There are 2 protein chains.
Amino acid sequence: MSRVIEIVEVTPRDGFQPIGPWIPTEVKVDFLRRLAATGLRRIEIGSFVSASAIPQLRDTAALVEAAAALPGLRPQVLVPTARRAEEAVAAGARFLVYVLSASEAHNQSNLRRSVAQSVEDYARMLDALPADMELRINLATAFDCPFDGRIAVEPVLALITRLAALRPDVEICLCDTTGRATPDHVAELFAAAMAAAPGVAAWAYHAHDTYGMGLATTHAAYREGIRIFDAAAGGLGGCPFAPGATGNVATEDVVWMFERMGIATGVALDALLPVARDAAALPGAAAGGRARAALLGCSA
Amino acid sequence: MSRVIEIVEVTPRDGFQPIGPWIPTEVKVDFLRRLAATGLRRIEIGSFVSASAIPQLRDTAALVEAAAALPGLRPQVLVPTARRAEEAVAAGARFLVYVLSASEAHNQSNLRRSVAQSVEDYARMLDALPADMELRINLATAFDCPFDGRIAVEPVLALITRLAALRPDVEICLCDTTGRATPDHVAELFAAAMAAAPGVAAWAYHAHDTYGMGLATTHAAYREGIRIFDAAAGGLGGCPFAPGATGNVATEDVVWMFERMGIATGVALDALLPVARDAAALPGAAAGGRARAALLGCSA
């Protein structure tokens, strides 16, 4: 299907990572297959991180292989360091998402290093990457930090400018890790970031719905010209290192809103709803979103 | 507290009306008292309707009396007909909300008459009303109807123009009864309505969060200049005559979003949260909203 906006489905990574009970690899692969069948083309299938820190994602290498067999899919994997990027490349990943935080406190908590060290490490990774590797930067806590609160716009712009100078032809995703970004804040930062780093290939927005603002901020980003949105089927999600952070904005809510506005997502909502329902029903999952229950009945 | 926006708390009416188990009048009065203590000044305390159609609201006359004893409160009651307006006035109501629908099918289902008959009845009510009575029109299904789907803008504008010609110094509230209005639709209709009926004293917006768009559309209305917003503590709500319509946007979510944006609501969120929690815990209530759980812990 043709699409005006591109949804990056993150339930296999952001959604699954806080779930305690082990989700067998074959169940994850089945989710990938079903998600891809809805028309979703970009799926964040996992991350190369410490298995002791996030045990649920320790089978990401197997998922890279499985996703490569799904036609039309453009799977991406999260990496927090240049070393993990090597692992990802060795496992066959073709699209890396390098994550770092705008706030020192969150970067230390999440990655055990300073923001400056992450930037240096990112530069090292760029030197070592195959030339045809697709690349995104996930800038966590770009708006708000669980430890430091609201993040000022200016230092975020300075960080973006530094990252973009290292390699402009990347996608940069500004992430509302805590779900506390307001629509006006999202609009302000995107407008300023696009002006400050005009050479960036693409911009994306990653919303959490912790306080109910997931669609409000997604729409605010859309109004600023953003066309790539992270979302999680079933409204799953949450950062193990961001206390109180709960679900990503639900993919089914995002699809519903944009399709109602006449903006094609390329995703078949009818096909997505049962997948979202099954993701929400996984043991240990904290589900979110509203459209699923409204469309499938209140028990969904 | 000073306020830039005014929230109309509708849990006592829209929130309680679909609840089956009887909420004793003294419990309702206690909610009014606690809601007023949060700084909320406008509360929709009930409606004068058929006790057989909506048995939960059959004690509205007693609530009018109780609300009059709460200092600073500006309570409003819903009336669907001129005859019910007489009842409300006799019971001591000082602020009436006359409800009719933009869609024929919903007006027939909800009020058992045509839209034209409702307009005629509204004109009759105006002739009989005391001169100092405050007045609002709730235009249900202004964006979307559970039976007819999306409502075109032009006939809604024609209806608003007709109503405003009868008496301009009223507040008109455009209601997204089904929760299916999108942010762009809300912005479009408000902009067009304000241009078509410039003499209207005030405009208000009533959001449902059925599909997760409650804050997105509330923010869209704010951007168009709307400063009066309906919301329901605990995210309760739903129209018994609008199949599938669930909760109003949660008051605590609305307060959270606007206060985060630096826009004063006059409502103390700390005081509101336990009231919202208790409303959400009422037997038979279908709760909604996100901020409550995020701020009080996931069990709230």
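**Figure 1. Confidence in the predicted complex.** Before zooming in, here is how the predictor scores its own model. The complex receives an ipTM of 0.94 and a pTM of 0.96. For chain A the average pLDDT is 95, and 96% of the residues score at least 70.

**Figure 2. The barrel of chain A and its parallel strands.** Follow the strands around and you will find a closed barrel of 8, in the order S1-S2-S3-S4-S5-S8-S9-S10, with parallel pairing. On average, neighbouring strands of this sheet are turned by 25° against each other, direction ignored.

**Figure 3. Strand S1 of chain A between two partners.** Strand S1 (residues 6-9) of chain A runs parallel to strand S10 (residues 228-231) of chain A, and 4 bridges join the two. Within this pairing, look for Glu6(A), whose bridge partner in S10(A) is Ile228(A). S1(A) is also joined by 2 bridges to strand S2 (residues 42-47) of chain A, again in the parallel sense. Here Val8(A) stands opposite Arg42(A) of S2(A).

Figure 4. Strand S3 (residues 74-79) and strand S4 (residues 95-101) of chain A pair in the parallel sense over 3 bridges. Helix H3 (residues 60-68) of chain A lies across S2 and S3 of chain A, and runs at about 155° to S2(A). Helix H10 (residues 251-260) of chain A packs on the sheet too, where it touches S1 and S10 of chain A. The direction of H10(A) makes about 170° with that of S1(A).

**Figure 5. The barrel of chain B and the pairing of its strands S1 and S10.** In chain B, 8 strands close into a barrel in the order S1-S2-S3-S4-S5-S8-S9-S10, and the pairing is parallel. From one strand to the next the twist averages 25°. Strand S1 (residues 6-9) of chain B is joined to strand S10 (residues 228-231) of chain B by 4 bridges, and the two run parallel. In this view Glu9(B) stands opposite Ala231(B) in S10(B).

**Figure 6. Helices H2 and H3 of chain B packed together.** Helix H2 (residues 25-37) and helix H3 (residues 60-68) of chain B pack at an angle of about 35°, and their axes are 10 Å apart. The crossing of H2(B) past H3(B) is right-handed. From H2(B) come Thr25(B), Lys28(B), Val29(B) and Leu32(B), which meet Ala62(B), Leu63(B), Ala66(B) and Ala67(B) of H3(B). By class, the residues of this contact are 6 nonpolar, 1 polar and 1 charged.

**Figure 7. Where chain B touches chain A.** Chain B and chain A each bring 25 residues to the contact. On the chain B side, the elements that give two or more residues are helix H8 (183-196), helix H9 (214-223), helix H10 (251-260) and helix H12 (291-296). This side of chain B has 11 nonpolar, 8 polar and 6 charged residues.

**Figure 8. The rotation axis relating chains A and B.** Turning chain B by 180°, with 0.0 Å of shift along the axis, superposes it on chain A with an RMSD of 0.0 Å. The two copies are therefore related as by a two-fold rotation axis. Both copies use the same surface, and 100% of the contact residues of chain B recur in chain A. Which residue of chain B comes closest to the rotation axis? That is Ala216(B), with its C-alpha at 1.8 Å.

How values were computed:
Residues numbered from 1 in each chain as written. Chains lettered and ligands numbered in written order. Predicted model: local features only at pLDDT ≥ 70, side-chain atom pairs only at ≥ 80, totals over all residues. Contact = placed C-beta atoms within 7 Å. Nonpolar A, V, L, I, M, F, W, Y, C, P; charged D, E, K, R; others polar. Least-squares fit on C-alpha atoms with pLDDT ≥ 70 in both. Pairing = 2+ DSSP bridges. Axes fitted to C-alpha atoms, helices over the stretch in contact; angles between N-to-C directions. Left-handed = near helix turned anticlockwise from the far one by under 90°. pLDDT = per-residue confidence, 0-100.
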